[in-house]
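Dear colleague,

I am handing over the structure that you asked to look at, and my notes on it follow below.

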Amino acid sequence: MEDIKRCTPYRTPFPMEHIPEPVFPTQDVNSASFSSIQEAVDRCAGLGGGTVRVPAGRWESGAVHLRSNIRLHLEKGAVVSFSSRPEDYLPPVFTRWEGMECYNYSPLIYAEGCENVAVTGEGTLLGNGSAWWHWKKLQQAAADRLCGSEADGIPVQNRVYGTEEAALRPSFLQFIHCRGVLLDGVTVLDGPQWTLHPVYCENVIVRNVHVHTEGPNTDGLNPDSCRNVLIEDCDFYTGDDCIALNSGMNEDGWRVNRPCENILIRRCRMTGGHGGLVIGSAVSGGVRNVYAHDCEISDTMQGIRLKSMRGRGGYVEHVLFEDIRVDGITNECVTISMFYPFSTVVPRSKAPSDFRDITIRRVSGTGLKTGIELRGLPEKKLSGVRLQDIRLSAPNAFVCEEVEGLVMDGVEIG
């Protein structure tokens, strides 16, 4: 990969073309002139697209469904407070819930099959997610049914949830099957579950976004089977993983077979929650060509976290993390493990994932419990890992099980 670096627009160690920002018609629509933000979006779309401006003030909203060539722009001082009533997110829409396709409650902001869509500005999106968080304790039966639906031959159109009994929480913001996506500048607070969740999207830019979430499974940003994604200059404080790359769960991920690929993460700050820079555990469609650099991770459970388990299948390959500062980690600073123990549903199969060509270098940190953990499977050893120029302060230095061909150069843990 290194030979390609310096020759690409983003200096990535794999071929990655420049991602163009979406361009919108010049006309503006003021949402204050309409009874709802959705009505303003529909009006703007009917005029051929443009910018829906949300002025300063507090605005109540149900689900907002964007359309092609629409930018939702929150002016400074604007707060969009989303309803905590589940019925305001019906009828069900096509979605991917924890890596599995179904019809469920609409995400709070949603776009399907669109080109050129954006959420920008200096305002705040308030998800009022605490009204949903207790559903975590109620979701297991529906999650089990959904996870088994592919193996049981249930077509996606028949996987319909969107009930309080099923209790499958929606994402905060989800663009699915979209091309030309921009998220820039906004502050996003406390959604029901995953926060920023692009699915099957191409040419995605996430820039200067501030995410603060505290509930269960409230990941910050989950690019899911996306291609060509730039994530830069963002802040994450989360109740789960900060940035997590995924590509579908188990049999459903194998069927869809869409990798998450060509991902660049730079100059981001991550704190709180579980992992900082994360791949997995839903890697069934594959994750490849990932470059993260010049990031800061603090006060999380894990810092750099690559995770999978028996039953996921798929692969992770061509990954480079470099120039990362990691401090105050309660568990492992760097972990690559095939024994992820916290899956919502236990897979039916035992198919292992294949992790290969992973380089982690120029990582430093203090206040850590464990420096590095590497765990492969007896039937699928972890291989192709390179650790270079790593300086860590941790009482537990190194865990290494079922690993072959490990290359280490300049690794100091003490």
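Is strand S15 (residues 202–207) mostly covered or mostly uncovered? Strand S15 is mostly covered, since five of its six residues are buried, where buried means under 20% relative accessible area with a 1.4 Å probe, counting protein chains only. Strands here are DSSP E runs of at least two residues, and helices are H or I runs of at least four, both numbered from the N terminus.

Before going further, please keep in mind that this is a predicted model, in which local features need pLDDT of at least 70 and side-chain atom pairs count only at pLDDT 80 or more, whereas totals for chains, interfaces and linings use all residues. Residues are numbered from 1 along each chain as its sequence is written, and side-chain values use heavy atoms, with hydrogens and water left out.

Around S15, the pairing is as follows, with two strands taken as paired if DSSP finds at least two bridges between them. Strand S13 (residues 179–184) runs parallel to S15 and is joined to it by five bridges, and within this pairing Val181 has Val204 of S15 as its bridge partner. Strand S17 (residues 227–232) is also joined to S15 by five bridges, again in parallel, and here Ile205 stands opposite Leu230 of S17. As a general point, side chains in a regular strand alternate between the two faces of the sheet.

There is also an open sheet of three strands, in the order S4-S9-S12 and with parallel pairing. Its edge strands are S4 (64–65) and S12 (173–176), each of which pairs on one side only. Strand S9 (residues 109–112) pairs with S12 in the parallel sense over four bridges, and Tyr110 stands opposite Gln174 in S12.

Turning to the protein chain as a whole, it has four helices and 33 strands. Its radius of gyration is 21 Å, close to the 22 Å that the globule rule gives for 414 residues, so the chain is as compact as a globular protein of that length; the radius is taken over C-alpha atoms, and the rule is 2.2 Å times the number of residues to the power 0.38. The C-alpha atoms fill a box of roughly 60 × 45 × 35 Å, taken along the principal axes. Buried residues make up 58% of the 414 residues. Of the contacts (heavy atoms within 4.5 Å) with a separation of 6 or more, 74% are between residues 24 or more positions apart.

With best regards

Definitions and conventions
Buried means under 20% relative accessible area, exposed over 50%, partly exposed in between (1.4 Å probe, protein chains only).
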